[in-house]
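Keep the 3D view open as you read.

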Amino acid sequence: MTAFITVEGLEVVFDRFRALKGVSLEVREGESYGLVGESGSGKSTLLRAITGLAPVSAGTITVNGKTLGKTRDKAFYREVQMVFQDPYGSLHPRQTVDRLLQEPLAIHGIADGEKRIERALDEVGLGKGFRFRYAHQLSGGQRQRVAIARALILEPSILLLDEPTSALDASVQAEVLNLLEEVRRRRKLTFLMVSHDLAIITHMCERLMVMQNGEAVETLTASQLIGQRVSEDYTRNLLRASEGFVRA
Amino acid sequence: MSGDTLLEVDDLRVTFPTRTGLVQAVRGVSFSLGRERLGIVGESGSGKSQTGRAIMGLTPPQAEVSAKKLAFDGIDLLSISPRERRALRGNRIAMILQDPKYSLDPVMTIGRQIVETLRTHEKVSKAEARERALAMLQAVQIRDPARVFDLYPHEVSGGMGQRAMIAMMLVTGPELMIADEPTSALDVTVQLDVLKILDKLVAERGMGLIFISHDLRLVSSFCDRVVVMYAGKVVEQIKASELRDAQHPYTRGLLNCMPRIGFERHPLPVLDRKPEWAA
């Protein structure tokens with residue numbers, strides 16, 4: 001299979017701080033790829049660099065055969081959509097769900113809005129009753145569903161997911177993870193997903209990259225991780241930490 | 001009251017007035033605590049934090065707290081004066097909050113904050129207070145206490161800030177410690193370091209600990225006993241070691257719905273919330 005997203009030697013510098021120090025990765029079409037690491041490891045910055053939200057100072061990003069320049073065109077955003085961590089921050093507080101979902105359609109000049117909005121809400125398991133509500137009238141899980149609907153409404157082929165469930169309760173997290181898996185299967189989407197939680201990444205992704213301090217530590221398949229066949233101590237530490245507290 | 005029971009909570013209720021009428025955030029919670037580690041687990045809105053705050057006396061003024069009994073070491077917390085309550089708070093009962101970024105004073109050095117806590121509750125000289133603050137920073141495994149003493153909260157990492165908070169809370173030698181999500185804002189590996197420190201200090205000093213968290217698995221690996229809350233009520237109290245045999249479908253659902261490494265389940269089991277759980 002050919003690479004769908006290729007990142008090569010990517011550098012991101014904020015002022016003088018090097019947030020990404022030459023990171024490379026390859027995601028195949030239809031694959032679900034995970035990025036794991038602690039805060040400050042650069043995992044979110046990598047996602048943001050792909051969407052054009054972080055200043056890239058060196059390296060190349062290629063998506064579906066096209067190398068990205070300084071700016072992204074509309075066609076790029078029809079192909080690539082992002083879901084952010086905090087559903088309390090990523091939805092406009094004074095817009096109804098309907099208005100929120102119309103925004104991307106208006107930007108891209110898509111006509112059959114009515115049908116698409118209905119379908120998108122239906123797809124994420126929110127009925128028509130939610131269409132004219134405001135974000136503050138929704139629970140955290142429902143908001144994240146709206147954010148996913150907004151990402152899906154343009155029918156992208158790639159979803160970038162930045163800790164999509166870390167602001168949610170455990171039981172709601174399970175529902176949202178199930179939803180994401182379902183839409184991925186149905187629409188044959190490619191996922192690039194960031195999380196600090198190894199268990200979530202092994203659940204959702206086939207391959208993953210462990211990151212630390214803006215660098216790749218190692219690249220693994222989920223089954224290597226489950227079988228504890230890891231080569232770096234840092235990954236081993238993360239694995240141990242994910243098992244919970246052990247009294248000495 | 002027997003010497004073993006530190007805290008007795010019977011039928012605790014916390015009620016908030018809202019535009020649409022009264023909302024009961026905590027609806028008749030009862031438990032007792034000895035010198036042990038008790039976990040309170042629940043999801044957002046379950047009333048777990050409000051329970052902790054009511055014990056601490058930090059309920060917002062517009063809300064009303066009532067209970068058949070809310071007693072700490074035989075002292076009826078609901079009938080004593082605010083002044084007496086203040087004397088307990090931070091001295092014999094202490095609380096660790098979730099995020100050191102917001103709960104430490106940003107314009108005061110870490111050392112001064114610890115000294116302030118100590119001198120509020122005990123008559124000690126400045127020099128002695130400094131000594132004890134430094135010793136406490138050492139006890140939470142801060143490598144260079146003298147340096148950290150003079151740093152401001154924004155100059156230290158999250159893990160270090162949370163250790164400083166633990167130091168501040170333990171410096172008066174409290175008998176009861178309430179930790180409300182003490183590690184949720186920290187990275188997983190740092191989380192374990194902080195828990196290790198907390199565990200050691202609680203064990204050494206024989207304190208009672210109430211550990212409030214949304215993370216059932218973490219709580220069960222850390223505590224002796226777990227109280228599971230749902231919609232303001234206790235749905236189950238169980239020994240942490242017997243959690244596998246939990247009876248209530250909510251507890252079982254919570255345990256089940258998290259992805260675990262090496263246990264592939266697609267889709268993940270989800271909670272089927274029953275209205276009678278909240279009844």
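The contact between the two chains draws 27 residues from chain B and 25 residues from chain A, where "in contact" says that the C-beta atoms of two residues, placed from the backbone, lie within 7 Å. On the chain B side, the elements that give two or more residues are H8, H9 and H10 of chain B. (Helices are DSSP runs of H or I with at least four residues, strands are DSSP runs of E with at least two, and both are numbered from the N terminus.) H8(B) gives the most to this side, with five residues. By class, the chain B side divides into 15 nonpolar, seven polar and five charged residues; here Ala, Val, Leu, Ile, Met, Phe, Trp, Tyr, Cys and Pro count as nonpolar, Asp, Glu, Lys and Arg as charged, and the others, Gly among them, as polar.

Before going on, some ground rules. This is a predicted model, in which local features need pLDDT of at least 70 and side-chain atom pairs count only at pLDDT 80 or more, while totals for chains, interfaces and linings use all residues. Residues are numbered from 1 along each chain as its sequence is written, and chains are lettered from A and ligands numbered from 1 in the order in which they are written.

Which residues of helix H10 (residues 249-256) of chain B are buried? They are Tyr250(B), Gly253(B) and Leu254(B). "Buried" is for a residue with 20 or more other C-beta atoms within 10 Å of its own, "exposed" for one with 12 or fewer, and "partly exposed" for anything in between, with C-beta atoms placed from the backbone. These three cover an arc of only 100 degrees around the axis, so they sit on the same side of H10(B); the arc is that of the directions from the helix axis to the C-beta atoms. What do they pack against? The partners are helix H6 (170-187) of chain A together with helix H9 (216-222), strand E10 (225-230), strand E11 (233-239) and helix H11 (275-278) of chain B.

Step back and look at chain B as a whole. It has 11 helices and 11 strands. Its radius of gyration is 19 Å, close to the 19 Å that the globule rule gives for 279 residues, so chain B is as compact as a globular protein of that length. (That radius is taken over C-alpha atoms, and the rule is 2.2 Å times the number of residues to the power 0.38.) Buried residues make up 42% of the 279 residues in chain B. Among the chain B contacts with a separation of 6 or more, 67% are between residues 24 or more positions apart.

How is chain B divided into domains? The assignment gives domain 1 (7-92 + 176-278) and domain 2 (103-171), with bounds that come from an automatic or database domain assignment. Where they meet, 12 residues of domain 1 of chain B are in contact with 13 residues of domain 2 of chain B. Helix H8 (residues 188-205) of chain B supplies the largest share of the domain 1 side, six residues. That side has nine nonpolar, two polar and one charged residues.

A few backbone details in chain B deserve a look. Most residues other than glycine have a negative phi, and most peptide bonds are trans. The peptide bond from His266(B) to Pro267(B), however, is cis, with omega near -10 degrees, and Pro267(B) lies in the loop between H10 and H11 of chain B. Asp11(B), which is not a glycine, has a positive phi of about 55 degrees and is found in strand E1 (residues 7-18) of chain B. Ala231(B) also has a positive phi, near 50 degrees, and lies in the loop between E10 and E11 of chain B. Is Ala231(B) buried or partly exposed? Ala231(B) counts as partly exposed because it has 19 C-beta neighbours inside 10 Å.
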